[in-house]
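Dear colleague,

I am passing on the structure below, together with some notes on what was found in it. Please read the notes with the structure open beside them.

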Amino acid sequence: MSINFQASTWTLVYFYIVGVVSFILGVFTVLLIIFKGNYKDARFTSFILLYQLCSACTVLQYTLFTQPISLFPILGGYCNGFPAKYLDIWLHHLLGFLLSSIIFQIGCLVFCFIIKHQSIGLVLKHNVISDHYYKVCVTFFGFTIIFSYFCFNKIGMKREEQLTFIRGKYSDYIVQFSDLSNFVVYDFNSNWFNVLIVYGIFGIGICGFLYIFTTIDMLKMLKSLKKTVSATSFQRYRSAVHSLIAQLAVSAMLLLPLMGFLFLSFVRFENAQVFSQITLNICALHSSMNAIIFIWTTPRFRKLLFRNGFSTGFGVFNVKVPNVRRLQRGSTINNISNNMIMVS
């Protein structure tokens, strides 16, 4: 099975375009939250801000700093980002930091679901948990990020041992790997790899349970909430829930391709490298799609952008029609016309 050791020009151009566009959209979204966010629910706003900020930084690191290129059937790859090329930062460390960023991003979205669920629950006095559980979740969240990076760091062999590993297991590719200045290979037989997989399945299971439980329970509570709060407050709660669900759906764009990438790691077939690179390219779109969905599903931001834009362009059609009953009998035709054509 052949391996392409050279990244295509289109792949690199794709990374640069997606990275720049995603970063611009991410910064714009963060500024919207900072200056136009709803600070009545400060805890929720803080985590949604962290989620959007981390999403923008993760894709920036992924597309511009790392630019990973897979080397199937070998579980490994190399990168074209400038930290590896010009600062000689090992790809293994870049991937470990990228993994921690993805975990932080997923955790922030989980806390957004929990906090919004609790804010609705407090109104209805339904399934309200103590702040002690919240602190435990934050502690577990921090431990998960540190432990995952530690396990991933243990998986990688030393840089000087990689060529020896390639020479012994993939001797046909030793010449090509000798020409690469910054690459990484992994071995499935590592005990730390098994620990990371088991802990990852455990963490995904907890996150999946929290996503499903809070989503179903919030949708149920919205039916009761409609009879309890005003129409404006209900609309605000419902929009927030729908926005979170939409962002969760977009996050599947990040997780499903990664799961497909892991599946390809265990399966060897012709053109596996092409399919693995496609999955990595799809992951790069997550931040842009997430920013667009977040703005579109948040009425406050959607009205701010689109209503003001249309009203600026077509303000001449804003006509104020006076009450005819209040017109005096002696009003002339010219006075009536002047009163009726009032451009805002």
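In which helix is the place of Phe-44? Phe-44 sits in helix α2, where helices are DSSP runs of H or I with at least four residues, strands are E runs of at least two, and both are numbered from the N terminus. This is a predicted model, in which local features need pLDDT of at least 70 and side-chain atom pairs count only at pLDDT 80 or more, while totals for chains, interfaces and linings use all residues. Residues are numbered from 1 along each chain as its sequence is written, and side-chain values use heavy atoms, with hydrogens and water left out.

Phe-44 counts as buried because its relative accessibility is 12%, buried meaning under 20% relative accessible area with a 1.4 Å probe and protein chains only. Leaving aside residues up to four places away in sequence, Phe-44 touches Cys-112, Ile-115, Lys-116 and Leu-244, a contact being heavy atoms within 4.5 Å. Phe-113 is 69 residues from Phe-44 in sequence, yet their C-alpha atoms are 8.8 Å apart in space.

The unreviewed UniProt entry lists several spans as "transmembrane region", among them 90-115 and 278-297; such annotations may be inferred rather than shown by experiment. In the model, residues 90-115 are 96% helix and 0% strand, with end C-alpha atoms 38 Å apart, whereas residues 278-297 are 85% helix and 0% strand, with end C-alpha atoms 28 Å apart.

With regards

Notes. Buried < 20%, exposed > 50% of the residue type's maximum accessible area, 1.4 Å probe, protein only.
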